[in-house]
Amino acid sequence: MQTDVKYIAGVGEMRARLLDKELGITCVGQLLEHYPHRYIDRTKVYRIDEIHEDTATYVQFRARVTGINYAGAERNRRFHVYVQDPTGSAELVWFKGVKWIEKRVEVGREYLIFGRPSFYKNELQMVHPELETMEQALSKGVTCTMQGIYPSTEKITNSLGTKGMFRIMANAWEQARNHIAETLPEPLITRYGLLSRREALQNIHFPESQERLRQAQYRLKFEELLGVQLNVQTRRCGRLSKDNGFLFPKVGGVFTQFYNEKLPFPLTGAQKRVIKEIRKDTISGYQMNRLLQGDVGSGKTLVALISMLLAVDNGFQACMMAPTEILARQHFATISRMTEGLEVKVAILTGASKSRERREALEGIASGEVDILIGTHSLIEDRVQFLNLGFVVIDEQHRFGVEQRAKMWTKNHRPPHILVMTATPIPRTLAMTLYGDLDVSVIDELPPGRQPIKTFHYTDAARLRLFGFMRQEIKKGRQVYVVYPLIKESEAMDYKDLNDGYESISRDFPLPEYVTSICHGKMKPEDKEESMRQFKEHEADILVATSVIEVGVDVPNATVMVIESAERFGLSQLHQLRGRVGRGGEQSYCILMSGEKLSKEARARLNAMCETNDGFQLAELDLKLRGAGDVNGTQQSGMAFDLKIANPTADVQILTQAREAAEEILNGDPTLSLPSNLGLKALRERFSARDEIDFSRIS
Ligand code: ADP
Ligand code: MG
């Protein structure tokens with residue numbers, strides 16, 4: 001299983017490099033865990049007139065070559081092949097590998113043609129199909145009825161094709177089939193009626209029948225989800241048994257004074273409920289580990305502050321960790337303002353803190369003088385030593401890995417209570433898988449007086465209209481965000497887009513009437529902050545920015561959010577960005593700008609944004625759109641666990657079984673040290689959460 005893939009027949013050095021780079025596959029074991037995401041029926045041979053737009057993603061048909069043709073200039077020469085069967089005709093096209101294919105096509109000969117059908121002027125077309133002569137096809141006979149289609153990338157498809165991938169998989173299987181070790185203990189296999197690992201791998205790649213395929217999928221999904229659940233449950237057991245939670249029995253002076261004198265508005269019912277839940281946790285004797293989900297603008301910050309004041313009243317310190325510098329500064333400003341005149345000392349610590357600020361924070365928390373520390377991921381560093389930390393708030397959890405949270409557990413002799421807040425709602429089933437060790441609270445009610453944001457999708461052609469609309473809103477005294485995507489790989493290009501955009505806006509909205517500021521990650525922290533300040537204090541009307549403002553920024557007077565190249569953002573990001581407006585009483589708007597040409601998924605995302613403001617619905621849809629087969633999608637979706645086949649949303653039933661199984665196993669053997677559980681121990685390790693902060697995406 002450890003053998004380098006380059007030794008597999010059909011792979012070699014070059015393809016091995018490609019497999020590594022594109023799919024992260026380096027050894028046979030990993031290759032065999034690259035599962036098909038679809039299967040096609042290779043026993044079915046279509047007639048040309050049976051093939052329509054919606055017949056199947058891949059089809060094969062049998063036809064005779066009637067002619068060939070070349071088009072285009074020498075360097076990008078295209079090769080056209082015309083074919084016919086008794087029911088109709090079709091055209092096959094090659095843009096690449098022309099030299100190779102032209103030698104293999106003979107006019108007058110009959111071929112079995114396999115590929116993805118498309119239609120041009122009602123005629124069947126196939127780009128880069130696979131062909132073999134009928135003699136070749138017949139001599140091989142049919143070995144399996146269903147052929148797996150593997151998740152792929154453009155480069156892999158160009159180098160291998162669907163069939164090539166299938167072939168190296170078959171070669172790999174030949175080499176590995178006698179070395180497949182079982183990972184699950186026998187009783188578990190019997191109890192849940194699972195295939196052996198070997199049978200499962202064989203049938204996932206080369207199904208003997210539909211039924212065998214289903215069993216193989218079940219076994220492999222079960223195994224993955226069990227791995228995850230073993231992790232999740234282990235953590236939960238640890239928390240519920242040995243760790244005693246700090247007690248906050250007192251509702252004392254600071255809390256009461258804040259509530260009576262400082263609270264700027266009545267709490268919503270949902271805020272009150274969540275505060276009660278937290279109260280209950282903090283007098284239970286158990287350590288709290290709570291996930292607070294609340295849509296953008298639902299008022300999570302206030303809940304966090306009130307909870308932190310409870311900690312302070314009971315002689316503990318509290319801290320709040322935000323994913324960006326800007327957001328940490330904003331929380332610091334808000335919380336300092338709200339606690340003015342109370343017996344509470346608040347400090348801030350970020351990567352950009354100057355020496356004085358840093359010293360004040362570090363000394364203050366070590367001596368106990370500081371009650372509440374606000375900051376970025378700097379708070380996790382070892383030199384940040386609290387005198388008596390009792391309560392930790394982590395804002396926008398999706399930006400932090402599970403490991404960050406675990407690190408905060410070690411900041412006192414017993415783990416402090418932890419409140420994780422997120423506006424990117426995690427579907428319940430997913431929360432159960434990923435955060436099974438967390439209890440969940442939900443703020444499902446926005447503060448009163450908010451109007452739903454109206455969302456529109458414009459293409460670039462409507463830019464003049466957009467500018468007219470922005471002008472109209474600015475005349476009413478409102479402010480506008482214009483956001484550009486920033487994606488790591490093409491940073492240089494993105495900055496160019498951003499700067500061009502800024503210039504064009506400065507031209508169309510000239511001073512002195514309009515003030516436009518700009519804010520992006522390449523700017524110095526103080527310049528960034530100055531831009532944000534300008535916008536916050538309404539010295540600027542328009543803020544042109546990258547997605548630095550994605551999380552948490554609060555400027556209630558801003559009513560228009562323009563998102564450029566909106567097709568490049570994921571759904572949850574779009575929803576987050578939209579949440580920057582609609583925070584005051586005024587009608588707010590979100591304008592999604594994109595080119596004319598959009599992929600199906602991108603269009604579905606933009607449509608969903610126009611149709612609903614409900615973050616929960618969007619999160620469910622996001623998961624669906626990203627489906628398991630989309631390799632890039634799963635990497636970006638920031639899942640804490642590396643699932644290859646299971647989909648926690650679709651496979652709820654298996655998830656529930658895996659959860660039961662994990663509970664039972666751990667009840668009998670909490671440390672998984674019985675010899676019969678060695679495989680499970682390895683499984684638990686394999687699926688331990690990835691440490692996955694991606695700070696490169698932030699600012
Ligand atoms: P988020 O949940 O996205 O972090 P915030 O905590 O930033 O939301 O709150 C969004 C806005 O709503 C802020 O301007 C805040 O002052 C305001 N707000 C919070 N709670 C209430 C409330 N109960 N009534 C009215 N406005 C509120
Ligand atoms: Mg927030």
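At what angle do helix H1 (residues 12–23) and H5 pack, and how far apart are their axes? In this predicted model, in which local features need pLDDT of at least 70, side-chain atom pairs count only at pLDDT 80 or more, and totals for chains, interfaces and linings use all residues, the two helices pack at an angle of about 105 degrees, with their axes 11 Å apart. H1 is therefore roughly perpendicular to H5; angles of 65 to 115 degrees count as roughly perpendicular, those under 35 as roughly parallel, those over 145 as roughly antiparallel and the rest as oblique. Axes are lines fitted to C-alpha atoms, for helices over the stretch in contact, and angles run from 0 to 180 degrees between N-to-C directions. Helices (H or I, at least four residues) and strands (E, at least two) are DSSP runs, numbered from the N terminus.

H1 contributes Arg 15, Leu 18, Leu 19, Lys 21, Glu 22 and Leu 23 to the contact, and H5 contributes Lys 155, Ile 156, Ser 159, Leu 160, Met 165 and Ile 168, where contact means heavy atoms within 4.5 Å. The residues of this contact of H1 with H5 comprise 7 nonpolar, 1 polar and 4 charged. In this classification Ala, Val, Leu, Ile, Met, Phe, Trp, Tyr, Cys and Pro count as nonpolar, Asp, Glu, Lys and Arg as charged, and the others, Gly among them, as polar.

Helix H5 (residues 154–176) also packs with helix H7 (residues 197–205): their axes come within 11 Å and cross at roughly 160 degrees. H5 is thus roughly antiparallel to H7. H5 passes H7 in a left-handed crossing, the term used if the near helix is turned anticlockwise from the far one by less than a right angle, with right-handed used if clockwise. From H5, Phe 166, Met 169 and Trp 173 meet Arg 198, Leu 201, Gln 202 and His 205 of H7. The residues of the contact of H5 with H7 divide into 4 nonpolar, 2 polar and 1 charged.

The strands are considered next. An open sheet of 7 strands, with parallel pairing, has the order E12-E13-E11-E14-E15-E10-E16; two strands pair if DSSP finds at least two bridges between them. Strand E12 (346–349) and strand E16 (439–443) are the edge strands, each pairing on one side only. From one strand to the next, the twist averages 20 degrees. Within the sheet, strand E11 (residues 317–321) runs parallel to strand E14 (residues 389–395), joined to E14 by 5 bridges. Cys 319 has Val 392 in E14 as its bridge partner. Helix H12 (residues 325–338) packs on the sheet, where H12 touches E11, E12, strand E13 (372–375) and E14, and its direction makes about 170 degrees with that of E12. Helix H13 (residues 355–367) lies across E11, E12 and E13 and runs at about 125 degrees to E12.

Elsewhere, strand E1 (residues 38–41) and E9 pair in the antiparallel sense over 4 bridges, and Asp 41 stands opposite Met 146 in E9. In a regular strand the side chains alternate between the two faces of the sheet. In strand E9 (residues 146–149), Met 146 and Gly 148 point one way and Gln 147 and Ile 149 the other way, and all are buried. Buried means under 20% relative accessible area, exposed over 50%, and partly exposed in between (1.4 Å probe, protein chains only). Val 483 lies in strand E18 (residues 479–484) and is buried, with a relative accessible area of 0%. The C-alpha atoms of Val 483 and Leu 543 are separated by 8.1 Å, although these residues are 60 residues apart along the chain.

Backbone geometry was also examined. Most residues other than glycine have a negative phi, and most peptide bonds are trans. Asn 122, which is not a glycine, has a positive phi of about 70 degrees; Asn 122 lies in the loop between strand E6 (117–120) and strand E7 (123–127) and counts as exposed at 75% relative accessibility. His 538, also not a glycine, has a positive phi of about 60 degrees, and counts as partly exposed at 35% relative accessibility. A cis peptide bond, with omega about 0 degrees, joins Leu 511 and Pro 512.

Overall, the protein has 24 helices and 22 strands, and buried residues make up 53% of its 699 residues. Residues are numbered from 1 along each chain as its sequence is written, chains are lettered from A and ligands numbered from 1 in the order in which they are written, and side-chain values use heavy atoms, with hydrogens and water left out.
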